[in-house]
Amino acid sequence: MTAELLRESYPVQGRNFDKAGEVSGEIKVMLKGLGLDSQVIRRTVIVAFEAEMNVVMYARKGTITLVLTDTDIKLEIADEGPGIPDIELALQEGYSTATPEMREMGFGFGMGLPNMKKNSDEFSIESEVGRGTRVSSVIRHSQ
Amino acid sequence: MKLSEVQKLLDCEVLTDNLHPEVEIKDVVASDGMSEILAFTKSGELMVTGLTNIQSIRTADVAGVCAVIYCRGKRPQQNVIDYANSKGIPVLATKMVMFDVCGILYKAGLKGVS
């Protein structure tokens with residue numbers, strides 16, 4: 001049985017582009033302090049960053065929860081927002097529903113969800129239109 | 001190629017407190033898309049972008065790039081420079097457009113990431 005070593009939850013405010021990415025920065029500092037492998041940290045922070053940006057861009061609010069066990073880092077990002085009507089379509093590289101405002105900020109290239117999936121060892125999305133989205137990512141590490 | 005040599009080649013102004021002039025650069029990522037930068041970088045690349053918002057530095061931090069060059073004569077606000085200083089990421093600015101920046105760096109022997 002894997003032991004849970006650490007659990008942290010971070011709130012994310014929707015539409016607050018000034019703060020977008022702050023939580024991922026905190027996660028990176030925290031993981032570096034734990035001495036984990038640099039590539040594991042990089043993958044985890046990329047997943048967290050892309051997820052955080054999605055919450056800021058599309059949701060009213062969300063929470064990023066990080067759980068560290070002796071074998072994995074689990075990230076769960078749950079938001080209250082419009083939800084994703086077609087998850088398979090959303091996972092396609094290049095597909096984006098970003099507004100012109102978001103594109104001017106450098107987002108909406110349609111690579112966010114593919115980046116998250118690519119950097120995860122296990123990845124899943126659940127969503128309900130009109131309620132919100134939950135993304136789960138597992139990144140394995142070795143101690 | 002050292003960052004100090006890149007600075008001279010592109011006639012860059014250094015915006016942060018530190019340059020890290022001896023940092024060795026081999027690969028370059030050039031994009032105005034933050035997710036594109038995250039998709040292609042591995043770590044240690046030089047990042048060239050025309051986006052000067054704070055997310056450009058947050059992306060640079062997440063991607064682990066060694067420095068950021070803002071092109072097209074774009075300049076960030078002071079809070080962006082302060083944030084880059086806090087993260088120890090050198091930030092430079094050039095008046096050259098991205099196409100020219102990429103051409104000059106490619107001709108000098110640097111490679112893109114894919």
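**From the loop to the packed helices**

A:Arg15 sits in the loop that joins strand E1 (4-13) to H1 of chain A. The model is a predicted one. A:Arg15 is not a glycine, yet its phi is positive, at about 65°. Its relative accessibility is 44%, and A:Arg15 therefore counts as partly exposed, since that class lies between the 20% limit for buried and the 50% limit for exposed.

Chain B has a loop residue of this kind too. B:His20 is a residue other than glycine with phi near 55°, again a positive value. B:His20 lies in the loop between strand E1 (13-14) and strand E2 (27-30) of chain B. With a relative accessible area of 34%, B:His20 is partly exposed.

Chain A has 5 helices and 5 strands. Read from the N terminus, its elements follow the order β-α-α-β-β-α-α-α-β-β. Chain A has a radius of gyration of 15 Å, close to the 15 Å that the globule rule gives for 143 residues, so chain A is as compact as a globular protein of that length. The C-alpha trace spans about 45 × 30 × 25 Å along the principal axes of chain A. Of the 143 residues, 50% count as buried. Among the contacts in chain A between residues at least 6 apart in sequence, 66% join residues at least 24 apart.

Helix H1 (residues 22-33) of chain A meets helix H2 (residues 38-58) of chain A at an angle of about 165°, with the two axes 8 Å apart. H1(A) is therefore roughly antiparallel to H2(A), because angles over 145 degrees are put in that class. The crossing of H1(A) and H2(A) is right-handed. On the side of H1(A), the contact is made by A:Glu22, A:Val23, A:Ser24, A:Ile27, A:Lys28, A:Leu31 and A:Lys32, and on the side of H2(A) by A:Ile41, A:Thr44, A:Val45, A:Ala48, A:Phe49 and A:Glu52. By class, this contact of H1(A) with H2(A) has 7 nonpolar, 2 polar and 4 charged residues.

H2(A) also packs across the chain boundary. H2(A) and H3(B) make an angle of about 155°, and their axes are 9 Å apart. H2(A) is therefore roughly antiparallel to H3(B). From H2(A), the residues in contact are A:Arg42, A:Val45, A:Ile46, A:Phe49 and A:Met53, and they meet B:Gln55, B:Arg58, B:Thr59, B:Val62 and B:Ala63 of H3(B). Divided by class, the residues of this contact are 6 nonpolar, 2 polar and 2 charged.

Helix H3 (residues 54-63) of chain B packs with helix H4 (residues 78-87) of chain B at an angle of about 15°, and the axes are 9 Å apart. H3(B) and H4(B) are therefore roughly parallel to each other. This crossing of H3(B) and H4(B) is right-handed. The residues that form the contact are B:Ile54, B:Ile57, B:Arg58 and B:Asp61 from H3(B), with B:Asn79, B:Val80, B:Tyr83, B:Ala84 and B:Lys87 from H4(B). The classes in the contact of H3(B) with H4(B) are 5 nonpolar, 1 polar and 3 charged residues.

H3(B) is mostly covered, with 10 of its 10 residues buried. Among the buried residues of H3(B) are the charged B:Arg58 and B:Asp61. Just after H3(B) comes B:Gly64, with a positive phi of about 75°.

One residue in a strand of chain A remains. A:Gly132 is placed in strand E5 (residues 132-140) of chain A. A:Gly132 is buried, at a relative accessible area of 11%. Apart from neighbours within four places in sequence, A:Gly132 is in contact with A:Asp79, A:Glu80, A:Gly81, A:Gly83, A:Glu126 and A:Ser127. A:Glu93 is 39 residues from A:Gly132 along the chain, and their C-alpha atoms are separated by 21 Å.

Technical notes
Residues are numbered from 1 along each chain as its sequence is written. Chains are lettered from A and ligands numbered from 1 in the order in which they are written. This is a predicted model: local features need pLDDT of at least 70, side-chain atom pairs count only at pLDDT 80 or more; totals for chains, interfaces and linings use all residues. Side-chain values use heavy atoms; hydrogens and water are left out. Axes are lines fitted to C-alpha atoms, for helices over the stretch in contact, and angles run from 0 to 180 degrees between N-to-C directions. Helices (H or I, at least four residues) and strands (E, at least two) are DSSP runs, numbered from the N terminus. Angles under 35 degrees count as roughly parallel, over 145 as roughly antiparallel, 65 to 115 as roughly perpendicular and the rest as oblique. A crossing is left-handed if the near helix is turned anticlockwise from the far one by less than a right angle, and right-handed if clockwise. Contact means heavy atoms within 4.5 Å. The radius of gyration is taken over C-alpha atoms; the globule rule is 2.2 Å times the number of residues to the power 0.38. Buried means under 20% relative accessible area, exposed over 50%, partly exposed in between (1.4 Å probe, protein chains only).
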